[in-house]
Amino acid sequence: MSKVHNFSAGPAILPQSAIDASVAALQNFAGTGLSLIEVSHRSKEYEAVVAEATQLVKDILKLDDNYAVVFLQGGASLQFDMIPMNWLNDGDTAAYTNTGVWASRAIKEAKLFGNVNVVASSEDKNFSYLPKGYSIPKDAKYFHCTSNNTIYGTEMFNFPETNGVPLVCDMSSDIFSRPFDASKFDMIYAGAQKNMGPAGTTLVIIKKSFLETRVTKKIPTMLDYAVHIENGSMYNTPSVFAIFVCMHTLRWIKAIGLEAMESRNTAKANLLYTEIDRNTLFTGTVAKEDRSRMNVNFILNNVEFEAEFLKFCEAKNLVGLKGHRSVGGLRASLYNALDIESVQVLVDAMQEFEASKK
Ligand SMILES: *Cc1c(COP(=O)(O)O)cnc(C)c1O
């Protein structure tokens, strides 16, 4: 079969080395003679997988012992509940930015547990830019932001000064895509299926000093971060397969390094945005300074060409380009594992489509 170029927003493209290792482990995991999906999560071979995946996260992000790293279930969406449940006592306030569907969902859940101060929003322009110049009230228990808005294609390259308020970030769709100073964050979380692995696990990183400021009231055991941290992601059966794939993706990321990963991702994004800006048929939908390197949103100026263009792409094995159902248009996701050759095939298709309309 000829190569399929996967521009899906998530679940999304993974490095071939992680897929090959998964195929092999489904047959025979670590020489046990058993499949990865029938082996005990308490076996020494599997415990080594969780330990290595955890260590790789610490190595890649240069996290010191002040941070705990766990792999949980329930997707990034369960974090929208767990965070306020763990940190908001009755009457407490948390600060949030509203920069898209996922941020809005996080806000909706936080309101179940405490007061939410939405300090900035870009809803007025359908989330096509990132708000700037806002301030974070000192009495907020934490400040929550979304580093990359997967559905709208905006990405934060600078994080605000929080004046001592703990910084919590949903990095589901741009974690490990570039270097950043992790020591500024009190908590980072990311659903695996955008840039790290298959669906089924969520990476959670928490600063221990922040963990100590959790609520005093009792919370359900499975929703208590301290329980998962004490048990090294093994309080209950973890998502065995998903963590295994993450470990292999993380090995691949570490071998490349975040600096080189950023160069790769910048080159891919520049190639595509340059064509969008040049091509007479297409327009980018995001404010230029906030354009994401991970999810590139654009439209056909003549909406009647959209279905035709998607078909045209599909015939060239370019898949996953339809925009999210809530915004329409086109979206090309350029996650870490996507090669620049695939972006070039898309750019060539855009030029050929333009020529066909002359
Ligand atoms: C996809 C996504 C989510 C939701 O992830 P689930 O694992 O499906 O719950 C949350 N935040 C961001 C930024 C996302 O891209």
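# Report on a predicted protein chain

The accessible surface of the protein chain comes to about 15200 Å², and carbon and sulfur atoms hold 51% of that surface. The structure is a predicted model. Its chain has ten helices and 14 strands.

## Overall dimensions

The C-alpha trace spans about 65 × 55 × 30 Å along the principal axes of the protein chain. The radius of gyration of the protein chain is 21 Å, which agrees with the value near 21 Å that a compact globule of 358 residues would have. Of the 358 residues in the chain, 56% are buried. Among contacts with a separation of 6 or more, 68% are between residues 24 or more positions apart.

## Helix 3 and helix 4

Two packed helices are described by the angle between their axes and the distance between the axes. For helix 3 (residues 75–87) and helix 4 (residues 101–110), the axes come within 8 Å and cross at roughly 40°. The crossing of helix 3 past helix 4 is right-handed. Helix 3 contributes Ser77, Phe80, Asp81 and Pro84 to the contact, while helix 4 contributes Trp102, Arg105, Ala106, Glu109 and Ala110. By type, the residues of this contact are five nonpolar, one polar and three charged.

## Selected residues

| Residue | Relative accessible area | Class |
|---|---|---|
| Met171 | 3% | buried |
| Thr154 | 0% | buried |
| Lys62 | 71% | exposed |
| Ser233 | 4% | buried |

Met171 is in the loop that runs between strand 8 (167–170) and strand 9 (187–191). Met171 counts as buried because its relative accessibility, 3%, is under 20%. Apart from neighbours within four places in sequence, the residues in contact with Met171 are Ser147, Phe159, Phe180, Phe185, Ile188, Tyr189 and Ala190. Between Met171 and Gly191 there are 8.1 Å from C-alpha to C-alpha, and the two are 20 residues apart in sequence.

Thr154 is part of strand 7 (residues 154–155), and its relative accessible area of 0% makes it buried. With neighbours within four places in sequence set aside, Thr154 is in contact with Phe127, Ser128, Tyr129, Leu130, Ser147, Asn148, Asn149, Val286, Asp290 and Ser292. Val286, one of these contacts, is 132 residues from Thr154 in sequence, with a C-alpha to C-alpha distance of 6.8 Å. Ser147 is listed among the contacts of Thr154 and also among those of Met171.

## Backbone features

A cis peptide bond joins Gly10 to Pro11, with omega near -10°. Pro11 is placed in the loop between strand 1 (5–6) and helix 1 (16–27).

Lys62 is not a glycine, yet has a positive phi of about 55°. Lys62 is found in the loop between helix 2 (44–61) and strand 2 (67–72). Its relative accessible area is 71%, over the 50% limit, so Lys62 is exposed.

Ser233, also not a glycine, has a positive phi of about 70°. The loop that holds Ser233 lies between helix 6 (225–230) and helix 7 (240–256). Whereas Lys62 is exposed, Ser233 counts as buried at 4% relative accessibility.

How values were computed
Residues are numbered from 1 along each chain as its sequence is written. This is a predicted model: local features need pLDDT of at least 70, side-chain atom pairs count only at pLDDT 80 or more; totals for chains, interfaces and linings use all residues. Side-chain values use heavy atoms; hydrogens and water are left out. Axes are lines fitted to C-alpha atoms, for helices over the stretch in contact, and angles run from 0 to 180 degrees between N-to-C directions. Helices (H or I, at least four residues) and strands (E, at least two) are DSSP runs, numbered from the N terminus. A crossing is left-handed if the near helix is turned anticlockwise from the far one by less than a right angle, and right-handed if clockwise. Contact means heavy atoms within 4.5 Å. Ala, Val, Leu, Ile, Met, Phe, Trp, Tyr, Cys and Pro count as nonpolar, Asp, Glu, Lys and Arg as charged, and the others, Gly among them, as polar. The radius of gyration is taken over C-alpha atoms; the globule rule is 2.2 Å times the number of residues to the power 0.38. Buried means under 20% relative accessible area, exposed over 50%, partly exposed in between (1.4 Å probe, protein chains only). Accessible areas come from the Shrake-Rupley method with a 1.4 Å probe; for residues, only the protein chains shown count as cover.
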